[in-house]
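The stops below go strand by strand.

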Amino acid sequence: MTGKTVMKTSNFSLFYGSFKALHSITMDIPVNRITAIIGPSGCGKSSLLRSFNRMNDLISSMRTEGSILIDGKNVYSQDVVELRKKVGMVFQRPNPFPKSIFDNVAYGPRIHGIRDKYKLAAIVEQSIRDAALWDEVKDDLGKSAFTLSGGQQQRLCIARALAVEPEVILMDEPASALDPVATLKIEELMEKLKSKYTIVVVTHNMQQAARVSDYTAFLLTDSERSGNLIEFGPTTEMFTNPSDTRTEDYICGRFG
Amino acid sequence: MKYSLLFAALASILIVMMIGIFTFREALPAFRDIGVKNLLTESAWRPGEGQYGILAMIAGSGLVTLGAIVLGVPLALGCAIFLSEIAHPNLRAFVKPCVELLAGIPSVVYGLFGMVIIVPVVRGIDIPGNTGFGLFSASIVLAVMILPTITSVAEHAIRSVPKEFREGSLALGATKWETIQKVIIPGARSGIISAIVLGLGRALGETIAMIMVIGNSVIIPAASTDNPLSIFLSRARTLTGNIAVEINYATGLHESALFATGVILFVLIIVVNSSAKYLMSHGSLEKIR
């Protein structure tokens, strides 16, 4: 693999109680690229994504083995607040807070200690511009975020994540609750964002993975083991010439 | 079958209406002969001399309710937040039924507890004229009595805040406490307010426990020292207590004045409870801001 990596996952396993949800995953996330994680339902793609910013910590019976490094530091032995500042997340369903558009985007900078009004306003404007939402909301920043359409809400959530200036943005099926037009906008936005950020996206949609990602990881649960990384490589290669027959079968829609 | 159920439903409406009408009819002579204005604004209640002002009782009920809210709300909200956000499920499974059990204790038992435990402790506050019986003791007892109502409604409201808000906040690097403060409590705001209003309604209606600890003197409570808080060491009487204490021997206009007290209480509680209902149904998340 060429280029720098921002996250190194080595022999990483995840357990929920006695259930092993991820099985010894080793993969490097390249910087300023879009990496897609694909696979059928229940294969562990969301679990893997949520391991990168430790959202799995919310489950009390969770346990890990192996390591995930970000900038050389182990994700599981550093301060979780610092980690989540570096690794932002966008969820499957748009989840703006019940606050104004402005306060949604200002939420992150505020909790991280920025009080200055002008500085906040500048961060909010830049983040909303970067999320390609500015022209649609610039006159309505004081309105409730719930007045926006689903697609706009999702871009607001992206702006909210950008406002914390992360290095990596995790996206958990960010367009699955949106219509095709809104989906296209999100995909165009991802393309634009990768010059400044590293993106890891979980998707059910094979065409989406092929369209937007530079690298693809294919996860599968087989009869013996759950959460296996079957194949990981450049997207074009994987979609034209997969090295594993199971990848080929999945991509061609023969199962899953 | 359908009609017998309809009858059951109508019966309860009919009973409420009959109680309302009956109470109002009995109160009518008082409203006519004493006048609503005199009833509400006169401070002297001397049935023997034909003086029927219930201002002292309004003040008593108002102050004891205020005291109970001030003492009980922080406790109840703290408990609700702890149960819904912090407690391990096993601990929650133990604490929650305990809180709910408080609702099942008969109010006369609360009164006994107040007389035997709270009143002697309050009597220890060294201020002339302090007997222990009074607003402060009553506020403490009442605070405990409204605890389960506020806790369970507020806890339900907090638990109904979508988990997506929680995750969204945590994913931005907020701590658990910041998430509770800035996202969860604002998200549950309307439910929390209606929990407090429901507690208020319960506090206004409480009778026997209040009679047992509040002292029942018909006076407008006043501060006995320079500290305005000493008003809470004053004896007082509640609207409910006024009726319960005197109705056994009251006749004529006196009896009617007690019914008038009931009507005023009735109206007050209907207003409080309907505003709680209104807040619950109209204060949904979408309406915030």
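A residue counts as buried if 20 or more other C-beta atoms lie within 10 Å of its own, exposed if 12 or fewer, and partly exposed in between, with C-beta atoms placed from the backbone. Helices (H or I, at least four residues) and strands (E, at least two) are DSSP runs, numbered from the N terminus. This is a predicted model: local features need pLDDT of at least 70, side-chain atom pairs count only at pLDDT 80 or more, and totals for chains, interfaces and linings use all residues. Residues are numbered from 1 along each chain as its sequence is written, and chains are lettered from A and ligands numbered from 1 in the order in which they are written.

Select strand E7 of chain A, residues 168–172. Five of its five residues are buried. A:Val168, A:Leu170 and A:Asp172 point one way, A:Ile169 and A:Met171 the other.

Next, select E6(A), residues 87–90. A:Val87 and A:Met89 point one way, A:Gly88 and A:Val90 the other, and all are buried. Strands pair if DSSP finds at least two bridges between them. E6(A) and E7(A) run parallel, joined by four bridges. Check A:Gly88 against its bridge partner A:Ile169, then A:Val90 opposite A:Met171.

Last, select helix H7(A), residues 180–193. The chain passes through H7(A) from E7(A) to E8(A), a right-handed β-α-β crossover (with the strands pointing away from the viewer, the path from the first strand over the helix to the second runs clockwise).
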